[in-house]
Amino acid sequence: MAATSRDYYELLGVDRTASESDLKRAFRRKARELHPDVSEAPDAQERFREVVEAYEVLSKSETRELYDRFGHAGLQGGGFRPTQFDFGSLSDLFSAFFGDDLFGVSPRTRRSRGADVAAEVTIELADAASGVHRDVPFDVVVGCGRCDGTGAEPGSRIVECDGCGGTGRIQQVGRSVFGEFVRAQPCPRCNGAGRTVEQPCEVCEGSGRVVERRTLAVEIPPGIHDGQRIRLSGEGHVGSPGAPAGDVYVRVRVKPDPRFVREGDDIYSTLDLTIAEAALGATRMVETLSGETELTFQPGTQPGEVRVLSNRGMPVLQGYGRGDHRVLVNVVVPRHLSDEQRALLEEFERSTGAENYRPDEGFFDKLKSAFR
Ligand SMILES: [Zn+2]
Ligand SMILES: [Zn+2]
């Protein structure tokens, strides 16, 4: 039974007079687009099978003739069954089909870049505001100095691997829709190197690589946000011979500061005034990221009032200017009153009237203006 009832020519995007080479070209294009290795579409596998089936039928003259004359029913009557196959990798498919390599690079000469290294550093919010240098330690794989990365103890010989005859690869036969293909895999004995050493290097035990602890001075720019990463290009694990090393990514953690809340580039803090300070007016020092600053509060200052200290927030990362620092006023109410204090407050309360409490602006309006 055919897996698809769609028109084969349509599936390949060719017309009914397409030549053999037209079909081949169309199939190649579709396979590159739809193979599950490269397509993320959820139905890629299904569509890929359809295209393979279409090509299988149209590329052979007997089945193409049957299909041209009688359609899918003709094939069914003729006992056609699409080949069951392993997807394999896209490059396996292409080497079986076209005898070439999809990427134009044979696996033996492909060099691999070294892996990336993740490191982390924790700084204070004030350091994030000013920018800071930090020495960041991390472990990195480097070439072994004793054997120069060869893995052979100095003076000993390097010989051809007899597992793979020096090619670094062993070949396995797989099955694809186009018949058998040869899949080359790294030789497990020499790990793809093609060579083995008579006597492994004492330091790296033959691997040619050692782990080293390194420390790099990292410049953390002002305005960095918690969780952002700084890339140190080429400082990561060593690559295969001739290939570049990986990168180091330093994740910067910014410790929360109990005095401040950071929202983007803005800073928020609260300031407590006593009832008397709020009612009588007061001058208070408030802390900011760039030192203390004096704020004067008028008599009748209400809880929820917000003072905006422009450009006293966090610097904008890799930009210009700074955010603002907003100070939210809180009025604290005294507790645990003595008899005398209670009497005084009661007397004070009797002396006040509606006039003393007429609002100028609602509390919630002020809150809204604080967080806009
Ligand atoms: Zn070594
Ligand atoms: Zn080998």
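Biologist: Is Glu120 buried, exposed or partly exposed?
Modeller: Glu120 is partly exposed, at 46% relative accessibility. Buried means under 20% relative accessible area, exposed over 50%, and partly exposed in between (1.4 Å probe, protein chains only). Before we go on, this is a predicted model: local features need pLDDT of at least 70, side-chain atom pairs count only at pLDDT 80 or more, and totals for chains, interfaces and linings use all residues. Residues are numbered from 1 along each chain as its sequence is written, chains are lettered from A and ligands numbered from 1 in the order in which they are written, and side-chain values use heavy atoms, with hydrogens and water left out.
Biologist: Which side chain meets Glu120 in a salt bridge?
Modeller: Arg251, at 3.8 Å, N to O. The rule is a side-chain nitrogen of Lys or Arg within 4 Å of a carboxyl oxygen of Asp or Glu.
Biologist: What does that pair tie together?
Modeller: Arg251 is in strand S9 (residues 248-254) and Glu120 in strand S1 (residues 117-123), so the bridge ties together parts 131 residues apart in sequence. Strands here are DSSP runs (E, at least two residues), helices are runs of H or I with at least four, and both are numbered from the N terminus.
Biologist: How many salt bridges does the rule give?
Modeller: The count is 24. Among them, Glu153 meets Arg146 at 2.4 Å, N to O. Glu153 is buried at 8%, while Arg146 is partly exposed at 40%.
Biologist: Which residues are linked in a network of salt bridges?
Modeller: Arg113, Asp116, Arg231 and Asp247.
Biologist: Switching to the metal. What are the protein donors of the zinc ion?
Modeller: The SG atoms of Cys144, Cys147, Cys201 and Cys204, lying 2.3 Å from the zinc ion (ligand 1). Donors are N, O and S atoms within 2.8 Å of the metal (3.2 Å for Na, K and Ca); water is not among the atoms, so sites may look incomplete.
Biologist: Why is the arrangement called tetrahedral?
Modeller: Because the four donor atoms subtend angles of 102 to 116 degrees. Four donors count as tetrahedral if all angles lie between 85 and 135 degrees.
Biologist: And how are the donor residues spaced in sequence?
Modeller: As C-x2-C-x53-C-x2-C. Cys144 is in the loop between strands S2 (132-143) and S3 (158-160), and Cys204 in the loop between S6 (195-197) and S7 (209-220), 60 residues apart.
Biologist: Is Cys144 buried or exposed?
Modeller: Buried, with a relative accessible area of 2%. Cys204 is buried too, at 6%.

Conventions: Four donors count as tetrahedral if all angles lie between 85 and 135 degrees; four count as square planar and six as octahedral if opposite donors are over 155 degrees apart and all others between 65 and 115; anything else is irregular.
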